[in-house]
Amino acid sequence: MKVSVDRSLCYGSAECAHRAPAVFAFEDGYGVVRPGAAQAAADPQSRAAVREAAERCPSQAIVCTEQDVTS
C-alpha cells in the first residue's frame with residue numbers, strides 16, 4: 001500500500017497520527033507519512049488503521065493506493 005498526505009488539503013486535525021501513529025506523524029501543523037512507513041503499512045493491523053485514518057480524515061487529505069506486486 002502506498003500512502004501519502006496531500007498537504008494542500010490537510011488542515012492539521014492530527015486524526016491520522018492519532019489513528020495510525022506507526023505510519024503518520026504530526027509535524028509543523030500538518031499530518032505527514034513517517035519515513036519508512038511503507039513497511040509499517042504492510043502489516044494487516046496497520047493497514048486497517050491507515051484505511052480508517054483515511055476514511056475519517058476530515059479534510060480527506062490521505063491518499064491510499066494499492067501497489068500491484070508482480071514479479
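These legends describe close-up views of a predicted model.

Local features need pLDDT of at least 70, and side-chain atom pairs count only at pLDDT 80 or more, while totals for chains, interfaces and linings use all residues. Residues are numbered from 1 along each chain as its sequence is written, and side-chain values use heavy atoms, with hydrogens and water left out.

**View 1. Val50 in helix α3.** Val50 lies in helix α3, residues 44-56. Helices (H or I, at least four residues) and strands (E, at least two) are DSSP runs, numbered from the N terminus. Val50 has a relative accessible area of 0% and is buried. Buried means under 20% relative accessible area, exposed over 50%, and partly exposed in between (1.4 Å probe, protein chains only). Beyond its neighbours within four places in sequence, Val50 is in contact with Met1, Val3, Ala20, Val23, Phe24 and Cys64. Contact means heavy atoms within 4.5 Å. Cys16 is 34 residues from Val50 along the chain, with 7.6 Å between their C-alpha atoms.

**View 2. Ser46 in helix α3.** Helix α3 also holds Ser46. Ser46 is buried, at 16% relative accessibility. Not counting residues up to four places away in sequence, Ser46 touches Ala22, Ala40 and Ala41.

View 3. Strands β2 (residues 24-27) and β3 (residues 30-33) pair in the antiparallel sense over 4 bridges. Two strands pair if DSSP finds at least two bridges between them. Ala25 stands opposite Val32 in β3. The hairpin has 2 residues between the strands, and Asp28 takes a positive phi near 50°.

**View 4. Ser59 in the loop between α3 and β4.** Ser59 sits in the loop between α3 and β4 (62-65). Ser59 is buried, with a relative accessible area of 14%. A polar atom of the Ser59 side chain lies 3.4 Å from the backbone oxygen of Leu9. Leaving aside neighbours within four places in sequence, Ser59 is in contact with Leu9, Cys10 and Tyr11.

**View 5. The largest cavity.** The count is 1 cavity of 30 Å³ or more. A cavity is a set of points on a 1 Å grid over the protein atoms alone, where a 1.4 Å probe fits but cannot get out; lining residues have an atom within 4 Å of a point. The largest cavity holds about 80 Å³ of space. Its lining includes Val5, Cys10, Tyr11, Cys57, Ser59 and Ile62. By class, the lining has 7 nonpolar, 4 polar and 1 charged residues. Ala, Val, Leu, Ile, Met, Phe, Trp, Tyr, Cys and Pro count as nonpolar, Asp, Glu, Lys and Arg as charged, and the others, Gly among them, as polar.

How values were computed: Polar contact = N/O pair within 3.5 Å; in protein donor to acceptor, adjacent residues only side chain to side chain. 1 Å grid on protein atoms, 1.4 Å probe; cavity = no way out; pocket = protein on both sides within 12 Å on 5 of 7 lines; lining within 4 Å. Points joined across faces, edges and corners; volume = space filled by probe spheres on them.
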